[in-house]
Amino acid sequence: MFAVYASTPNKEDPLASLAVGERPDPDVPEGWVRVAVRAASLNMHDLWTLRGVGIKPEQFPMILGCDGAGVLDDGTEVVLHSVIGDPAWRGDETLDPKRTLLTEKHQGSFAEHVVVPARNALPKPDGLSFAEAACMGTAWLTAYRMLFVKSGLQPGQTMLVQGASGGVATALVQLGKAAGFRVWATGRTEEKRAIAERLGAHDTFEPGARLPERVDAVFETVGKATWSHSMKSLKPGGIVVISGATSGDASSAELQRLFFLQLRVAGSTMGTRDELADLLQFCALRDVRPQIGAELPFSDAKQGFEAMLNGQTAGKIVFTG
Ligand SMILES: NC(=O)c1ccc[n+]([C@@H]2O[C@H](COP(=O)([O-])OP(=O)(O)OC[C@H]3O[C@@H](n4cnc5c(N)ncnc54)[C@H](OP(=O)(O)O)[C@@H]3O)[C@@H](O)[C@H]2O)c1
């Protein structure tokens with residue numbers, strides 16, 4: 001079948017190992033289902049996979065794509081939940097030490113077909129297109145858990161999103177606005193800040209800017225480049241929720257500020273199947289649709305990867321079959 005895959009790990013030049021071509025049709029294990037992929041979105045995770053981060057060398061070649069939406073063999077339209085846990089695990093599957101995301105152990109969704117455990121295929125809401133639904137399983141689920149499970153923010157409180165145009169960043173802005181938080185965002189260019197404002201941010205700032213007042217919560221995926229600003233932007237008792245470190249590990253943890261102002265730091269990764277179901281319902285109830293900056297055929301996937309690598313995002317990049 002046709003697929004977009006990582007041929008080998010390549011730390012220095014990730015795009016050099018991106019391949020578009022034929023891969024074997026998948027077998028369908030008992031209790032799993034086959035999904036004909038209609039759309040899947042690009043996540044930074046796919047670039048990490050090309051670099052060989054978070055995946056063992058012996059797992060290559062690996063079909064990329066850790067979210068998606070498509071159709072089961074019986075015609076049911078579904079959204080993929082990417083977190084695949086040990087069937088014996090009970091409770092929050094993001095805490096299962098044996099959990100993997102699509103593309104870490106099992107082949108991903110940038111292909112004609114992907115196979116997942118039956119519980120990982122959720123009904124697609126009628127109101128979302130396949131491209132919109134494809135954004136939900138990774139970036140949007142991560143943003144949902146950061147905001148509604150981890151942050152403890154109350155409607156009316158102020159949140160800061162580090163980054164304005166990325167997949168997780170735009171999801172945080174859109175979900176935060178819909179939930180009644182005061183939403184601030186930083187963006188590296190005027191154009192990127194304008195995207196966040198169009199999506200409902202109440203104000204935007206240059207990276208590192210002094211804010212009009214300190215905030216209740218900061219949402220981090222950037223890491224080194226913004227960590228210090230995140231810690232300095234918090235009110236006493238405030239919380240930073242972090243799910244990524246694109247620019248690397250923080251050079252200073254700001255420990256004195258952390259204990260003296262009784263700040264809190266919460267790590268967050270993906271979300272549970274139930275949280276994905278709640279996210280889909282929330283989007284339907286509030287008529288929230290993910291910001292898609294680019295929609296490309298799978299055959300032009302390289303163009304999408306190049307854009308993300310160069311920081312040229314305007315929301316999600318989605319590939320369609
Ligand atoms: N833990 C999880 O479950 C999980 C899930 C999804 C993503 N993540 C992580 O979250 C991060 C973002 O993923 P994504 O898919 O949203 O990526 P993306 O669409 O490429 O977005 C990148 C974001 O980083 C921001 N950014 C600000 N300063 C940056 C800098 N110096 N270098 C690079 N980026 C900078 C960008 O802001 P501008 O708008 O100003 O360009 C943009 O909002 C990645 O590290 C990813 O691995 C983690």
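The structure, which is a predicted model, holds nine aromatic pairs, where rings of Phe, Tyr and Trp (its six-membered ring) pair if their centres lie within 6.5 Å, with planes under 30 degrees apart counted as stacked, over 60 as edge-to-face and the rest as tilted. A pair of aromatic rings is described by the distance of the centres and the angle of the planes. In one of these pairs, the ring centres of Tyr-144 and Phe-148 are 4.9 Å apart and the ring planes stand at 65°, so the pair is edge-to-face. Both residues belong to helix H3 (residues 136-150), where, being four residues apart, Tyr-144 and Phe-148 are separated by about one helical turn; helices (H or I, at least four residues) and strands (E, at least two) are DSSP runs, numbered from the N terminus. Tyr-144 is buried, with a relative accessible area of 11%, whereas Phe-148 is partly exposed, at 29%; here buried means under 20% relative accessible area, exposed means over 50%, and partly exposed lies in between (1.4 Å probe, protein chains only).

The rings of Phe-305 and Phe-319 have their centres 6.2 Å apart and their planes at 15°, so this pair is stacked. The pair links distant parts of the chain, since Phe-305 lies in helix H9 (residues 301-309) and Phe-319 in strand E18 (residues 316-320), 14 residues apart.

A charge sits over a ring if NZ of Lys or CZ of Arg is within 6 Å of the ring centre and within 35 degrees of the ring normal. Arg-23 lies over the face of Tyr-5, at 5.2 Å from the ring centre, and the charged end of Lys-124 sits over the ring of Phe-130, at 4.9 Å from the centre of that ring.

Residues are numbered from 1 along each chain as its sequence is written, and side-chain values use heavy atoms, with hydrogens and water left out. In this predicted model, local features need pLDDT of at least 70 and side-chain atom pairs count only at pLDDT 80 or more, while totals for chains, interfaces and linings use all residues.

The UniProt annotation "domain: Enoyl reductase (ER)", from an unreviewed entry, covers residues 13-319; UniProt positions are given in the numbering used here, feature names are shortened, and annotations may be inferred rather than shown by experiment. The end C-alpha atoms of residues 13-319 lie 22 Å apart, and the span is 27% helix and 26% strand.

Helix H3 packs with helix H4 (residues 167-178) at an angle of about 50°, with the axes 8 Å apart, where axes are lines fitted to C-alpha atoms, for helices over the stretch in contact, and angles run from 0 to 180 degrees between N-to-C directions. That angle makes H3 oblique to H4, as angles under 35 degrees count as roughly parallel, over 145 as roughly antiparallel, 65 to 115 as roughly perpendicular and the rest as oblique. H3 passes H4 in a right-handed crossing; a crossing is left-handed if the near helix is turned anticlockwise from the far one by less than a right angle, and right-handed if clockwise.

Particular backbone features occur in loops. A cis peptide bond, with omega about -5°, joins Phe-60 and Pro-61, and Pro-61 is found in the loop between helix H1 (44-51) and strand E4 (62-63). Thr-103 has a phi near 85°, a positive value in a residue other than glycine; Thr-103 is placed in the loop between strand E8 (100-101) and strand E9 (113-117) and is buried, with a relative accessible area of 0%. Met-270 has a phi near 45°, again a positive value in a residue other than glycine, and is found in the loop between strand E16 (264-267) and helix H8 (273-286), where Met-270 counts as buried at 5% relative accessibility.

Ala-40, in strand E3 (residues 32-42), is buried, with a relative accessible area of 0%, and the C-alpha atoms of Ala-40 and Met-136, 96 residues apart along the chain, are separated by 9.7 Å. Arg-90, in the loop between strand E7 (83-84) and E8, counts as exposed at 64% relative accessibility; Arg-90 and Thr-170 are 80 residues apart in sequence and 32 Å apart in space, C-alpha to C-alpha.
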